[in-house]
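Hi everyone, thanks for making time.

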Protein chains: 4
Amino acid sequence: MALAMDIAGLHDFMQQAFQQVADDFRIDRLDETGLTVRMMTAERHLRPGGTISGPSMFALADVSVYFAILSRIGPVALAVTTNCSIDFMRKPKAGVDLLAETRILKLGRSLAVGDVLIRSEGVSSPVARAALTYAIPPS
Amino acid sequence: MALAMDIAGLHDFMQQAFQQVADDFRIDRLDETGLTVRMMTAERHLRPGGTISGPSMFALADVSVYFAILSRIGPVALAVTTNCSIDFMRKPKAGVDLLAETRILKLGRSLAVGDVLIRSEGVSSPVARAALTYAIPPS
Amino acid sequence: MALAMDIAGLHDFMQQAFQQVADDFRIDRLDETGLTVRMMTAERHLRPGGTISGPSMFALADVSVYFAILSRIGPVALAVTTNCSIDFMRKPKAGVDLLAETRILKLGRSLAVGDVLIRSEGVSSPVARAALTYAIPPS
Amino acid sequence: MALAMDIAGLHDFMQQAFQQVADDFRIDRLDETGLTVRMMTAERHLRPGGTISGPSMFALADVSVYFAILSRIGPVALAVTTNCSIDFMRKPKAGVDLLAETRILKLGRSLAVGDVLIRSEGVSSPVARAALTYAIPPS
């Protein structure tokens, strides 16, 4: 399976289409099996006590599957999330980034499904897992 | 079933414990069947095109079930989300608030489950639905 | 919203298309807001100790949303489940049927979403909740 | 991490505790990273057209995570499923078994989370994915 976009192309697309969130995320790895997205944790992602908020982890899972889909089909800004299930399993480690290992499990004409395993950088036990479905508009 | 906190008490608790998000949410209704939480949509919740972002809707669902639990058991800051499933079904209406109708389906000693139906204010068809599980720490 | 099929029509369709499961389920109520499906619990649905198995409750949720969709769009045998989230919240009461209150939350051209609240007959606290997405084939 | 039960021990436990379903499932692989469970598909698992029913795939995911938990903590018959999310992504291949690759992502004192990727034997694209949470009773 050939890739339609590389890391630089995905970063450029994010800057243009989702500037508000572009500073939060960076793609560390991209190959034909999937990609790894880094969330550069900052004050705005934290809850009292220093833990990363649930919505921030949801955002990381969401953007990770979105990028994985774009890497396969090219810049389709209108793909939209239709479903997400997420389990929060451990408290993230304070002061380090989150890394989201992401796989595409299905890439159909109208629906794509991906899953994500989120870890604190340098820690092997996962913080969260998620699966997301995207609806892909007719081309 | 008696309520442990009223709307004013929940608003005060939110201001103290989650000041960052307290400006986003307000409880419109609270009774023994559940509550309705309003998300006062602002620029920071939007995606290009004016639609409300997925993470913002996740945050609304999350805080709504949290408040519903607190209204029953009192201010337990350490209750944490362990699972969420969410379906995004329609594009929210631009320029209006979101309203989250929330029910507690189970309130056990260690786990609570609630569900949420999110609508754009003034529109009957729902925008999203979600179910969340919270782990409640031993008292 | 007019209904495309009534209870007798849905029961007939089930007998023809899903004979294996037709004996397990019966529609108790159908109106424009949704329907109630009864699972007539039998030995084959039980786990040791007399509790109803998870797969049996999944089957009840699945068939309930399927019937709710058919009641709106008519007998489309090829609609398929694409996603389900389910929470098992309490042990069902032994020796009574299960009742699944079912609503359609979205009925689009290609995707439909419904949710289900399952109770033991005569008990108000729910046993399980579920949400399901069906893909509807192009007509 | 040492295993508390091996394949023979798990098969014996299944025969004693869940005799009704013991004929459906067999563990093909078990190591410290997880296990693979085979569903020996039979007439009773099929829908019209020869496809495997959703409840049968749910049962496979459910039993796979259950065995993965037991392999770590020993024969705790009373562990119960509290949540499952499942995506059905492709039609299973007719006439072959299903294989469920299963990982434990969290094994806490009271909650365990596992995920499952289900394939038709001999086919690389997955048929379904699932994540399940089990509540573990106090010992």
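**Copies, sheet, chain**

So, chain C can be laid on chain B by a turn of 180 degrees and a shift of 0.0 Å along the axis, with an RMSD of 0.0 Å. For the superposition, copies are fitted by least squares on the C-alpha atoms of residues with pLDDT of at least 70 in both. In chain C, S85(C) has the C-alpha nearest that axis, 3.3 Å from it.

Before I go on: this is a predicted model, where local features need pLDDT of at least 70, side-chain atom pairs count only at pLDDT 80 or more, and totals for chains, interfaces and linings use all residues. Residues are numbered from 1 along each chain as its sequence is written, while chains are lettered from A and ligands numbered from 1 in the order in which they are written.

Back to the copies. 100% of the interface residues of chain C are also interface residues in chain B, so the copies meet through the same surface. Contact here is C-beta atoms, placed from the backbone, within 7 Å.

Now chain D on chain C: again a turn of 180 degrees, a shift of 0.0 Å along the axis and an RMSD of 0.0 Å. That's the relation of a two-fold axis. S85(D) is the residue of chain D that comes closest to the rotation axis, with its C-alpha at 2.1 Å.

Strands pair if DSSP finds at least two bridges between them; strands (E, at least two residues) and helices (H or I, at least four) are DSSP runs, numbered from the N terminus.

Zooming in, strand 5 (residues 111-120) and strand 6 (residues 128-135) of chain A run antiparallel, joined by 8 bridges. L111(A) has A135(A) as its bridge partner in strand 6 of chain A.

Of the contacts in chain A with a separation of 6 or more, 66% are between residues 24 or more positions apart.

Methods. Contact = placed C-beta atoms within 7 Å.
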